[in-house]
Amino acid sequence: MSELAIQARGLTRRFGKSVAVDHVDLEIPRRAIYGFLGPNGSGKSTTIRMLCGLLTPSEGGATVLGLSVPRDAEKLRRKIGYMTQRFSLYEDLTVAENLEFLAEIYSVRGAAARARIDELCGEFHLREIARQRAGTLSGGQRQRLALAGATLHQPELLFLDEPTSAVDPQSRRDFWETLYALVERGTTILVSTHFMDEAERCHELAILDRGRVVASGAPEKLMREIDAAVVEIEAPEPHAARVALEQNRAVHSVAQLGTRLHALVDRALPDPARALSEALRNAHVEARVGLARASLEDVFVAATQSHRP
Amino acid sequence: MIGWRSSLGRIAAIARKELRHLRRDPLTGGMVLGVPLMMTLLFGYAINQDVRHLRAGVADLSGSQSARFLVADAQASQVIDVVRVAHSVRELEKWLVAGDVSVGIVIPEDYERRRLGGERASAQLLVDGGDPVVLAAVRGLTGLPVERRLAPPLRPMVSPPPAFELRAYYNPERRSAVHIVPALCGVILTLTLVLFTAVAIVRERERGNLELLITTPVQTPELMIGKILPYVAIGYGQMTLILSLGHFLFDVPIAGHLGALYLGAGAFVAAALTLGLLISTLAQTQFQAFQMAFVSFLPQILLSGFMFPFDGMPRPAQLLAQLLPLTHFLRIVRGIVLRGATLVDVSSEIKALLIFFSIAFALSLLRFRKRLD
């Protein structure tokens, strides 16, 4: 059996004239969490839907768990779990009824179904709310129910489309603990997000921008091999500093993080910190300047900027 | 074997889920019982083609005794109630225009002479011809035996006996409820059942449930059958309610075999539900589904023979009506309930309904894709 869970070649999807996904190549290993990082409209959901067999690619194709998509989409259904971006269970059914429904749909019956639902209720802390209608749940509770539903039939591969966008930070941490536990049991997880901290938790990730993969690899590797020097500037007047820096040709981009600025500077520049320090002094902006370790956000900005016209 | 069992399991899961939705949606739940109850009571009492007590005005220009007898005879028929007396024809016409009266009786000055002469009509009835039912009722008055009461000494036995004697079969008292209630059964089932399934799939699409559902192993026919099944039972329940109300409240006799009726109704219920399902696969939003359902209601109600007799319609309208499930069901239900028809008598209607069901179901399957594109 191939060690790759997903392999995509030239995956493309057009909606009318606009290209949502543009020749995406993917190699996603088994038993790992693979992330899609990108802004809204970067093609994350469309790619996931093509890999699930919900959308037909305009060009290219993919092999998912050894099955060709979209041709064998129907066979794939039993092996995958899909957690949609929007809550897609039934709001007028209770937590337990939703899980019972899914159990029946996946042909898990009788004692086996009861045992599995009980197990899920324990694992995802759903026991106290089992008799509550899904429509009355909080964001975190809904998310736990949705994940419980997506894993009910113990799929080999789990697609999670922005699973944490409506969830508080504590629930997010708990959620990721659950994902690691699933991977330990052999599940492969493909998760899309626009949160940097979440992307950093993935074993590997692809950065998507306007339908293209602009960078991919392990997060540490991406941060280490970023194609720019990262200069951190601390200034009492960050806005003035920013204006001054943006006029410098060697500076690709400037992003503000609280009172600090991160500037991505051309690698060719011999001593970027000193160069920027001088530039700021000439502009009469008070600032402390030093080299910094690249964050994933820097990687994201560098990757998306270099592909812009 | 295993395949069949899991398939049946999934159909049961969908059907059970639908029933749960229904139980928790008070509006739709209300439609199940409320609409048949309300409409049967309302229309059973209100729709009455046996018109009586029309408001009438009289302009008696002759002032003769025989004219007063004529008016009294007309009143005794119960078709009209004389509510106003006019002094001139013009005044009477004014009331007709204003809608104060729907019938005017004009008795000319020379009424006595005309009555005895017998060449021309003795008096005039002015009717608002806008409503054919009213017109037909009033036309009945023209046959009143004007001459008989006072005439004998002067003109013995002149009026010949009528050429035909009318006998109304199956509804001898000519009560409207007998005619209306069985047909109402079909109309109410059409209105509710088509709406139930018209929103069934599009609702899941709108609420985002469909994206999850189509990533599961559930097959399209399983989804469709699971969606229809609970409403078949509900349709039977509604029909039972309407017929019971009709039988016990409006004394509608049930001449034929109930088993035959339920069998025929099964084909109709399936056809109506599948029409809804087809709408559901065509519509993008629930609102669109409602609109399409209403568009399908009008021709069914107007052309099926519910409102107007089928035989009176022009040929193209009749052909169109043959395509509508309600047309066939009305023949089944009227045939079995009123005329005591057997299953064999209505078999061609059942066949037509089954053909409709098969085509609509096949089209729904073709329209529905387990894809988002």
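Visitor: Into which domains is chain B divided?

Guide: In this predicted model, chain B is divided into domain 1, which takes in 8–47 + 174–367, and domain 2, which covers 54–143. The C-alpha centres of domain 1 of chain B and domain 2 of chain B lie 46 Å apart.

Visitor: What makes up the contact of chain B with chain A?

Guide: Chain B brings 20 residues to the contact and chain A brings 23 residues. On the side of chain B that touches chain A, the elements giving two or more residues are helix 1 (2–24) and helix 9 (209–213) of chain B, and helix 1 of chain B gives the most, with 8 residues.

Visitor: Why is helix 5 of chain A called roughly parallel to helix 6 of chain A?

Guide: The axes of helix 5 (residues 139–151) and helix 6 (residues 169–184) of chain A come within 10 Å and cross at roughly 15°. Angles under 35 degrees count as roughly parallel, and therefore helix 5 of chain A is roughly parallel to helix 6 of chain A. The crossing of helix 5 of chain A past helix 6 of chain A is right-handed.

Visitor: Which residues make the contact of these two helices?

Guide: Helix 5 of chain A contributes Gly140(A), Gln143(A), Leu147(A) and Thr151(A), while helix 6 of chain A contributes Ser171(A), Phe175(A), Thr178(A) and Leu182(A). These residues divide into 3 nonpolar, 5 polar and no charged.

Visitor: Why do strand 12 and strand 14 of chain A stand at the edges of their sheet?

Guide: The open sheet of chain A is formed by 4 strands in the order 12-13-11-14, with antiparallel pairing. Strand 12 (251–257) and strand 14 (288–291) of chain A each have a single partner strand, so one side of each is left without a neighbour in the sheet. Neighbouring strands of this sheet are turned by 25° against each other on average, direction ignored.

Visitor: How do you know that strand 12 of chain A pairs with strand 13 of chain A?

Guide: Pairing requires at least two bridges, and 6 bridges join strand 12 of chain A to strand 13 (residues 260–265) of chain A, so these antiparallel strands count as paired. Gln256(A) stands opposite Leu261(A) in strand 13 of chain A.

Visitor: Which strands does helix 9 of chain A touch as it packs on the sheet?

Guide: Helix 9 (residues 238–246) of chain A touches strand 11 (229–234), strand 12 and strand 13 of chain A, and its direction makes about 170° with that of strand 12 of chain A. Helix 10 (residues 272–282) of chain A also packs on the sheet, touching strand 11, strand 13 and strand 14 of chain A, with a direction at about 165° to that of strand 14 of chain A.

Conventions
Residues are numbered from 1 along each chain as its sequence is written. Chains are lettered from A and ligands numbered from 1 in the order in which they are written. This is a predicted model: local features need pLDDT of at least 70, side-chain atom pairs count only at pLDDT 80 or more; totals for chains, interfaces and linings use all residues. Two residues are in contact if their C-beta atoms, placed from the backbone, lie within 7 Å. Domain bounds come from an automatic or database domain assignment. Axes are lines fitted to C-alpha atoms, for helices over the stretch in contact, and angles run from 0 to 180 degrees between N-to-C directions. Angles under 35 degrees count as roughly parallel, over 145 as roughly antiparallel, 65 to 115 as roughly perpendicular and the rest as oblique. A crossing is left-handed if the near helix is turned anticlockwise from the far one by less than a right angle, and right-handed if clockwise. Ala, Val, Leu, Ile, Met, Phe, Trp, Tyr, Cys and Pro count as nonpolar, Asp, Glu, Lys and Arg as charged, and the others, Gly among them, as polar.
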